[in-house]
Every structure is written in C-alpha cells, then in structure tokens.
Amino acid sequence: MVVDIKALRTEVWVDWCPGCGNFGILNATQRAIAELNLEPNKTVVVSGIGCSGKTSHFINVNGVHTLHGRAIPFATGIKIANPELTVIVHGGDGDLLGIGAGHFIALGRRNLDITVVMHNNGVYGLTKGQASPTLFRGLKTKALPQPNIQDAVNPIALAIASGYTFVARTYSLNIKHYVETLKMAINHKGTAFIDVLQPCVVYNDIYTKDFFKERMYILEKNGWDPVVEPGTPTETIEEKIKKAIEKSLEWGDKIPIGVFYHNKAVPEFGERLNTQIPNYTELPPAKQKIARDDGKPIITNSDFRRLFSRYIVTRR
Amino acid sequence: MDKELELMIGGPQGSGLDTTGQILTSSLAYIGYGVISDREYYSNITGKHSYIHMKVSPARVPYDLSYPVKLLTAIDAETLFHHYNDIDEKGFIALDERGLDTNLEKIVTIEGFTKQMIMDDLKNRVGSTILRDLVQYLEDDLKINTIILNYKEILDKLVDKYGVAASLASRYMSSIPMGVISGLMDIDAEAIEYGVRRRFHGRERIIEHNVFLITTIAEDIKSVYGSPLKLPKPTLDMKEIMVVSGNDIVAMGKVVGGLRFQSYYPITPAADESFFIEANQNLGDDKGGVVVFQTEDELAAIAAAIGGALTGVRTATATSGPGFSLMVEALGWAGNSEVPLVITYYQRGGPATGLPTRGGQSDLLFTMFASHGEFPRVVLASGDHEEAFEDSIIAFNLAEKYQLPVIHLLDKYLANSIATIRVPDIDQFTIDRGIIYNGNGDYVRFDTSKTISPRAFLGDDVIMWHTGNEHNEEGHNTEDPILRERMYRKRMEKLELIIKETPKKYMYRYYGPENPEVILLGWGFVKHVSISAIKHLEKEGYKAGYLHLKMFMPFPEEDIVNILNKVDRNNIIAVENNIMLQAAKATSLFTGIRIDRGIKKYTGRPIYLHELLEALRDLLNNRNKKEVVLTYGS
C-alpha cells in the first residue's frame, strides 16, 4: 500500500499560531510516514501536553494524546506489548526534559525501538511563554517578567549520556533535512532522539527564524561520521561518544544540525526481552491468546499445576 | 476450634525466620493441617526484631490470629522482651542459654520508646531487666515452661558431623525453632524432610544438614518434654493444599486471568508479586509469556500499563500507597479514555512513608475518589487468599467488559501471610473480554450509541485516537457542551451497569444468621477474625452477623440497605484497620445509613480475635459507647 500524504491529514483544524514551527514538524512528519510507506493502522503517534501534544490529532494514523510528561512511558507500553507497531513520540522541551525528564533518561537505558521527536522552542507555549528547560540562563524571552535564572539542559548530550543510540538535531523549517533525519530515526532499530529546533513566533523573540537561519549548518557536510557499526572496538565507540558530546556544546555563532551519534551495535529492548521470554518475538503480549474457545482461561488446570507445582503440597 | 495451636517464632531480621516459617508450613500442610502464618517485620534488612505468628488447625483453614500463644521460640534474647506477655499460662518458650544474662537496657536494636515501655513494665513486675530474671518470673508466676538450649552447642553438632565451617554453622539457625516445634508438636522426620526439601529443592547437602539438625533437636525435646502440643489427626478434606502468600496467589490469579504485561516500580509490600510473576513468566511454547517491566517510577508504571492495554493486552501494575499516590493523574486518563487496566493495590500503614512494612486499611476512600474530575472506576477488595485469587481474575473481566480502571485492594496482612488453601479449579472461571469491534464498517472508538462502545486495539485494521481531554466519537479533543454531556454520562452510566450485571458475591458477602440482632461491618483482612467473632458471640447468646463488603465503587446500595435494615442502627459495628472507619463512611455515603460505632486498629498490626471479642463485648454491653481502639501486638 502506498500511503498518500494527503490521506495522512485529519479533518481536525490545525490550531497552532500562524507561522508556528510546528507546521513544519507536522508536514515533515506526514511526509516521512508517507515516504516510508508506514501503514496508518500499524503506526502510532504518542504525544504529551502543550502545543506539541496536539500533533497526534492532526496525523491520520493512530494517535494517543497522553499526559504532561508521560508520552514516553505510554509509548513504551504500546511498543513492548505490540512490537510490530511503529511508535513515534512527539513532545515539547518542557514535556520531555522538564516534567518528563526521568522518563527521557530511562528510555535511553532500554534502547526500545521508538522515535522521540522533541519540539524545542525554549518556551512553554500553551501556558503563555514561561522558560523551558532548554532556555539559556540570562535570556529574557518576550513573556518572561525577569530574565531566566535557571540553566539550560543540553538535550543532545543528555540523550547520549542516557544511552540513546540515534541522536540527531534538525530544524523545523528545513523540511528536507527533517524528513531525512526522521526517516533515518524511524528506520534505526533502537531508541532515536531528534531535537527539533523551532521558532515560537509568539513567545520566543530570541530564537527566531532569522536567528536560526544565520547560524545553522549541516554536520555531515563537514565529514562528520557518527556511525558505530556492530563489531566496533569499545575505544572507537567511546571516541565517537566524546566527539558527539563535544559537538553538542557548540551553540552560538554556529549551530550544528544532523546526526550526532548513531550506534547500531546495541541490542534493542525486544532482543533483551527475548533473553527472558524465548518466544517473545513470535508471541508478544498483543499476539497471545488468553482464553480457550469456550471462554475458559488459556491456562488450564494442568497448566496451573505445571506452572505452580512448587506451591502445591500433596498430602501424604 | 478448641484443638488448634498458636505459636510464634521470633528473632532478628535476616536470621532465617522466613525459612523456618516456610518449612514449618509445608511440613504441616503435608501432614494435612490448615495453617495461617503472619509475618511482622521492621523496614530493615538485618538486625531488627521480626516474628512469625502462626495458627495451626486440624479441621479448617484458619485465618484468625489470636493471643496468647502456646509456644514462643526465640532466636535471640530480644524476642522474649517483646513477647513475654503473649504467652499462655503453662505455655512454652524456647531460648538460647547464651542470652540469659542479656540486659534489656543494653539492647541497641530496640528503639527508645519501646524499650522504655518494656523496662517500666519489667521493673514493676519482675524487678529486673535481665532476661534470666524474666525467665524465672515467667516460670514461677505464670507457670510457663522454659526450654533453655545452647544454640551454639546444637550448631556445633553440624560442625562435628559434617565438617561445616564454624563460621557457616550460624546459617542453620533457622533449624533450631523448627526442631523445637517439631518435637513439641510431634512432627515426624518424614514430614520434616518434606518441608525442608520443598524449601531447598535440589540442594542436597543443605537439605541433609537441616534435616539432621531438626530431627536431632526434635528427638531431644521429645525425650525431655514429650509432645504436649501435638494436635489431633487432621480432618481437612483437601488432597492437595496450596501453600501461598497473598502476593503469590494474586500473581497466580493475574496470570490465569490473562495478564500479559505488568509494569511496576519496587515498593513494599507489592514488589514480591511482580518478582513472582517474572520468576514464572514463561507460560509454555504455544502460550507465550508475561512481560514484567520494571519502570523508573510509578508514573511510568501506570502509563506503560495503559499503553499496553491500548494494544488489547490485559495489563496491570502492582503498588502500595506511595506508589498509587503517584499514579493518580494517569488513573483519571484511563477513566476518561475508557482504558481497561488493573491496579493491584497492597495497602500498608500511611500516610506518607508511614509504616512501610506494616498493615493498614486506610486507603479505601482515597482509591474511591483519587484523581480529579469524575470518571467511573471499580474498587474491589479481597478478604482472604481464595477471594484474592478469584478477584484477580474478575478484576480483568470487569476492566475489559466496562472499559475502565479497576483498583484491586489488598492489604499487607494478606500480602505477607502464608495460608494453606484449596487448589483453585480454573474451569470455573471465564475470560470476558467485553464488546470488541467486529471488523465491519466504519469505526469510531467512542461510539455514543451505546454505553459500552466496541473496543478495537492499536494495530487492528482501523485507526483511532485517545486523549486525556474530553473528546468526540473519534477520540479528538472537543469542548462542545452537548458532546461533553453525552460522553460524560456515557462513561458514568457504566457504574449502574456493573451493579446490575455483576454477581453479588463479588460485591459483598454476608455471614451469620438470617435475622441478626447485631451486624459487624468490615472488609479486607478483617473478614475471618470477624467471622470467628460472630461465632463466639453466638455462644454468648448474641445473634450476630458479619457483612463483608467487597465492591465499593460502584456500591451495591440497595442490597446493603436491605441487610443493614435488619438491625437497629446502634447494633451496626464497623471493624476496620483505620481511624475513620472508612468502609462505614462509604456505606453511609451511599446508603444514608449512619454508622458511628466501630472497632478501630491503626497500629499496623492485624486485629486479633481476643481483642476483637473483648471490644465487641464492651460495645454490646455499653450502648452509649461509640468506639474501641485496639492496640495489641508488638
């Protein structure tokens, strides 16, 4: 089935502010889904709360609009229960690195095959412009009564340190770059993170379209090689990690976009579950029968005695 | 019930009491006795005082614990200081000779307040805080038989016979109480070996050492004391007996009930359940396995379970009070988005961290109303191990049939006590998955034409949306007032359906005469102590019944009104492990029947039969008295 991009739009009116960076993100996400030919019923967009949270309603694939900060654990449950689904998380910088930061880190430890797209505009848009965890200290965006006194998190370094095996940055208005990056992320067998820089036209008067346009450059054009193939020696991997983290510190006159780190050698979470449950791949939770045809539990009396024999005492 | 035996084994955490309890319970079950074994312990891994309190019956599966006990075996000197008031006249205590000169004042593992209380009592009654003097007092004044053994000499026998390193011999300490009990109860060598084998399956050397030690001690004890605590031959009509804790049996019920994904964050006293499931997760080549997923916190645990449920999997999480507090926001999401989900909730002593390893029933009202906004949920409470098994299956059926979260309430008493129960017959249970989309026609997830919309799963041939916002039939956000009212009502109407369609035995049970004069009202683990109490009251001339509430949300109002109307309002007495009498409050809320007399215990220890009876007599004889607060147990 070839997916038509127009069919990936829903009838819900897209209610973001005119000029919002989210339009680029939405458009590019739909394009990537179409180009990868992902079946809408086997694809799930899981979103958090805030402007970015609405994304799941605008794409004509399964959508789960969750709680503030909890998109990652919802998505985790979906993917583990039914690994044949393609799961894409859309969250804001406040959602993923503020209220949901614990989940963001924990996901990296698992290398579960989902893609996390972070809408990064430095502010909490839907609550009218408070500072997000990616806004640098000392900055005073439009709505802030005082300059920000909290330091910014470095999302790329945090993702790498947490164990994400595909870590990239793109820009919401560079549709071509975004689409290619997202396609790579979805195709990557493991946890992928994309930091999407975007302007918030209403509340962030510092990170504007012009601000990004002047500074942004594409990493790969400068001979950057972030890929770790299976069998790579540990020292080489560590070298790539160090370089990627070092690169992530670059912010100012020049802002790199592209893939910072891409490790193909780490076992995905499903493989790890397979070590506990040998038939997990063939029979993940969503594919198991739990009842017999007559409605009785699939675990019969004799299964029960087999499984729990240690707890049954036969009287002498 | 006269020919039953209650006993205690006490010692520091980490000294193998659990092992003793498991071996003893298996041996007794093997002979055919019914056993309940409650474990009381501090939030501590090694050093602080813990004990096992056990009742053994030849004729029934007991659940009601009571004091005094006939036998106390102590691993350390501290134990007797905690329990010298718990022993029956002419009962038995077994002690280590080496601890006799211990002065209570010098024991560092007893906290200050507790120590002072005991010291005051000892100074008053014994005139000394030295163990030897206390023992003398118990022998002289209470005619208690003291069995003084030298534990080191006993363990040295292992060193001599098997060449076990002296430093390792202390690991066999748990055999000493088992040996003493086996002697006094006349548990034979075959039964002892059976219990030891079950505990250490396959580890032949350890089995041999333990059996040797236990049987040797038992023979020595018998030669001096005989077997004065021997029970009559068992008459229990069970060929096979399950020996399970509450955590174990709930885990089994969930697996039978179709659980295939459990997410959890470690917390006492719930975590053992998840460990149990993981240890038994492979169900067979053709059946698959249960994923047990340890999350980073309880926020993630419930969120992952919801996510899994959206794919059509029976999912659950297991937690206790502090964990559930964190899950509350997501609970509302599940209610709003009509997600079937089971939360197995083991209550412990609150608030905050409270009494992490002690019991309580103080979270009922919290579970009934947790999370903002109004949404339907089921709150279902179990009163014993058999109910817990059944309810674990029923919880999933209710969750899927009505597409809502089900909170299955248990308590620490049930979770950590080991009972001997009948092996359940799986064929009496049905898996009811509710209305599922049949694959024809256009699909909308929240079809408002019926109260229960057909459910499709993520990954099916259709697509759908879920949201925490109010939503339209597709699952997209809406703020339309008409749609809002329709969706809101559709969700809440499920509660009426549940009351109409659910068999009464899952909502409440009534025990006692058809026309009682007095009704005890309780829930959870107070069930059996209350049932025993009404039997005693009957002998004393009171026609008393026990109303055991199980389902609190929705609440079976009409039936409960009919039962409670049988007695004078002043003759309704609530029995609960909380201060507010929460089940009574809930009953009042839904039935309009005000219940303000009750027996309360919130010390973290279970309600014991002897104190309950005393309190009931007090309330029955003093009609103006409103409440009795129970505090027995260390």
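Analyst: In this predicted model, A:Asn187 has a relative accessible area of 57% and is therefore exposed, since the cut-off for that class is over 50%. The residue belongs to helix α7 of chain A, which covers residues 175-187. In space, the C-alpha of A:Asn187 is 9.6 Å from that of A:Ile114, although 73 residues separate the two in sequence.

When neighbours within four places in sequence are set aside, the contacts of A:Ser132 are A:Asp93, A:Gly94, A:Gly122, A:Val123 and A:Tyr124.

A further element of chain A to consider is helix α3, formed by residues 71-81. This helix is mostly covered, with 11 of its 11 residues buried. Among the buried residues of α3(A) are A:Ile72, A:Phe74, A:Ile78 and A:Ile80, and the list also includes A:Thr76 and A:Lys79. As a general point, residues three or four places apart in an α-helix point the same way, because there are 3.6 residues a turn.

These parts sit within a chain that contains 11 helices and 12 strands. The radius of gyration of chain A is 22 Å, close to the 20 Å that the globule rule gives for 316 residues, so chain A is as compact as a globular protein of that length. Its C-alpha trace spans about 80 × 50 × 45 Å along the principal axes. Of the 316 residues in chain A, 59% count as buried. Among contacts in chain A between residues at least 6 apart in sequence, 70% join residues at least 24 apart. The accessible surface of chain A is about 12800 Å², and carbon and sulfur atoms account for 54% of that area. Chain A carries 37 positive and 30 negative side chains, with 6 Å between the centres of the two sets.

Chain A is also in contact with chain B: 68 residues of chain A meet 86 residues of chain B. The area buried between the two chains is about 6400 Å², of which 58% comes from carbon and sulfur atoms. On the chain B side, the residues that lose the most area to chain A are B:Lys287, B:Glu296 and B:Trp465, which together give 9% of what that side buries.

The C-alpha atoms of chain B fill a box of roughly 80 × 60 × 45 Å along the principal axes. Buried residues make up 64% of the 634 in chain B. The accessible surface of chain B comes to about 22300 Å², with 49% belonging to carbon and sulfur atoms. In chain B, the mean positions of the 68 positive and 86 negative charges are 2 Å apart.

Terms used: Residues are numbered from 1 along each chain as its sequence is written. Chains are lettered from A and ligands numbered from 1 in the order in which they are written. Side-chain values use heavy atoms; hydrogens and water are left out. Buried means under 20% relative accessible area, exposed over 50%, partly exposed in between (1.4 Å probe, protein chains only). Accessible areas come from the Shrake-Rupley method with a 1.4 Å probe; for residues, only the protein chains shown count as cover. Lys and Arg count as positive and Asp and Glu as negative; His and the chain ends are not counted. The place of a charge is taken as NZ of Lys, CZ of Arg, CG of Asp or CD of Glu. Helices (H or I, at least four residues) and strands (E, at least two) are DSSP runs, numbered from the N terminus. The radius of gyration is taken over C-alpha atoms; the globule rule is 2.2 Å times the number of residues to the power 0.38. Contact means heavy atoms within 4.5 Å. Buried area is the accessible area (1.4 Å probe) that two parts lose on being put together, summed over both.
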